[in-house]
Amino acid sequence: MKLHINENRKLSHIEPEVYGHFSEHLGRCIYGGLFVGKDSKIANVNGMRSDVVDALKEIKVPVLRWPGGNFADEYHWMDGIGPKDKRKKMINNHWGGVIEDNSFGTHEYFELCKQLGCKTYVNGNVGSGTVREMSEWVEYMTFNGVSPMAELRAENGHKEPWTLDYIGIGNENWGCGGNMTADYYGNKYRNYQTYIRNYGDKPVKKVCCGPNSDDYRWSSEVLETCFRHPAPAGTHGFMDGFSVHYYVVVNSWEHKGSAKEFSKEEYYRAMRKAYYMDEIITRNDAILSQYDPDKKIAMLLDEWGCWHDVEEGTNPGFLYQQNSMRDAQVAAATLNILNKHSDRVKMGCLAQIVNVLQAVILTEDDKMVLTPTYHVFHMYRYHQDADLLESYLEDVKDVGIGEDVAANVNESVSIDKDGVVTITLSNIDADENNDIDIDFRDKEIESVEGFELSGDMMDYNTFDDPSKVREKSFEGFNFEGREVKVKMKPCSLVTLRVKLK
Ligand code: AHR
């Protein structure tokens, strides 16, 4: 197989946010995973777990979406500010019916983002909130002057405003976020976004609730309602982002399948479904282009990942699952697809960052383990803020069983500001090696450095064996002139960093 790269042709910029994450008040994502509180025995800085924050800094988390998800459309932000002992306790209706004590709220979220050094993405409540509530939340977060919300923020210990980079106008309003029709939501969007004022120097980017994966009818109707009339006067950017959610559910929503024990058919089915992301983006992009041919509105894949059955013996509402080499392959393929669509896709948020769904980190009391998916994000971090290069694979073959077949290799290639090329390749074949000859169009190669993640499709890390699957340096290549020859193991991923002459 050949991989052709045209190092002279930059196609689009890969925004760092494509490598973003999602955190929800769900199970042990926030409580226990990211946040333990100042009085915890677990090492923390202002309540944030130090081991988790340090590990996340290594993968350069560029943006963190919060507080949901479904939780966002039941969240009333004023419950989560002020003295902790006065904060309301509520039921987390969506996720296990447990008590939410609101000890993690707006101030804690911004503290976490400060520690991570990442951008902020707050999802507002359209399902059960009000226009005023969302508008005042933005005022509370961003207004620097004399106003009721700015004063309240100062009373609560934060005089300075924060930078809010993105605001989601609702979440999954076609379902858990209010079961709205597309036209009704489109009108809600028009209404809510009007009162998102721009107080700081930097405009807050407004995100519209797009479809559940391939529900193209929702995309068309929402956009039609939003753009049928000109955008309301007197507001800054009417729509900056259009959010799309897509989960890889291997079997069915009722019987998703185990995260740890699965057949080869189920492995390839997961891969086939992961590759479907490409079609979902292409078709939603075509619809968006009807209204925005210049691609000014970003597509945000702000929830993606594998959704398996919960780990046996855990609360079904906590969505805690293990994470194998199969998940790593899904992540690698997805990130390659998002890179390839970086002309339109400006953000991706893996669901979810810690202890929920396809997490990059799992914790148990004071223990922490990095999942195979964590290593993918580490190996792909070089793509952040780089330019996508034109590349294509020749002689790709389908691999799989029955209907569950998918291309045996996927890839993407970028070039960073220093001119270093990053190639990320994954060989999804569970049994066979793959030899790939990479050629550059004009330039000769000066040096190559490689990293690899490999294992059996069912390998995963545990608290007792945390390094079964881990990134290693990769030696299976040689280079000469304009060519690199690579030998990939079965079920493996490789990152190559290539300096050209
Ligand atoms: O990530 C879990 C849930 O999946 C989110 O709360 C919701 O937006 C989606 O349905």
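Me: How far does a backbone N or O atom of N70 lie from an oxygen atom of the ligand?
Reply: The distance is 2.8 Å, between a backbone N or O atom of N70 and an oxygen atom of the ligand. This counts as a polar contact (a pair of N or O atoms within 3.5 Å). The model is predicted: local features need pLDDT of at least 70, side-chain atom pairs count only at pLDDT 80 or more, and totals for chains, interfaces and linings use all residues. Residues are numbered from 1 along each chain as its sequence is written, and side-chain values use heavy atoms, with hydrogens and water left out.

Me: And what about the side chains of N171 and E172?
Reply: An N or O atom in the side chain of N171 is 3.0 Å from an oxygen atom of the ligand. For E172, a polar side-chain atom lies 2.6 Å from a ligand oxygen atom.

Me: Which other residues surround the ligand?
Reply: Among them are F22, E24, G69, W95, Y247, E303, W307, Q352 and L357. Each has a heavy atom within 4 Å of the ligand.

Me: Changing topic, how many strands form the closed barrel?
Reply: There are eight, in the order 2-5-8-9-10-11-12-13, with parallel pairing. Neighbouring strands of this sheet are turned by 30° against each other on average, direction ignored. Strands are DSSP runs of at least two residues and helices of at least four; strands pair if DSSP finds at least two bridges between them.

Me: Where is one such pairing?
Reply: Strand 11 (residues 241-248) and strand 12 (residues 298-306) run parallel and are joined by seven bridges. F242 has M299 as its bridge partner in strand 12.

Me: What lies across strand 11?
Reply: Helix 7 (residues 264-291) does, running at about 160° to strand 11 (angles go from 0 to 180 degrees between N-to-C directions). Helix 7 also lies across strand 10 (205-212), strand 12 and strand 13 (345-351).

Me: Last one: which residues of helix 1 meet helix 2?
Reply: V53, L56 and K57 of helix 1 meet L112, Q115 and L116 of helix 2, with heavy atoms within 4.5 Å.

How values were computed:
A polar contact is a pair of N or O atoms within 3.5 Å; within protein, one must be able to donate a hydrogen and the other to accept it, and residues adjacent in sequence count only if both atoms are side-chain atoms.
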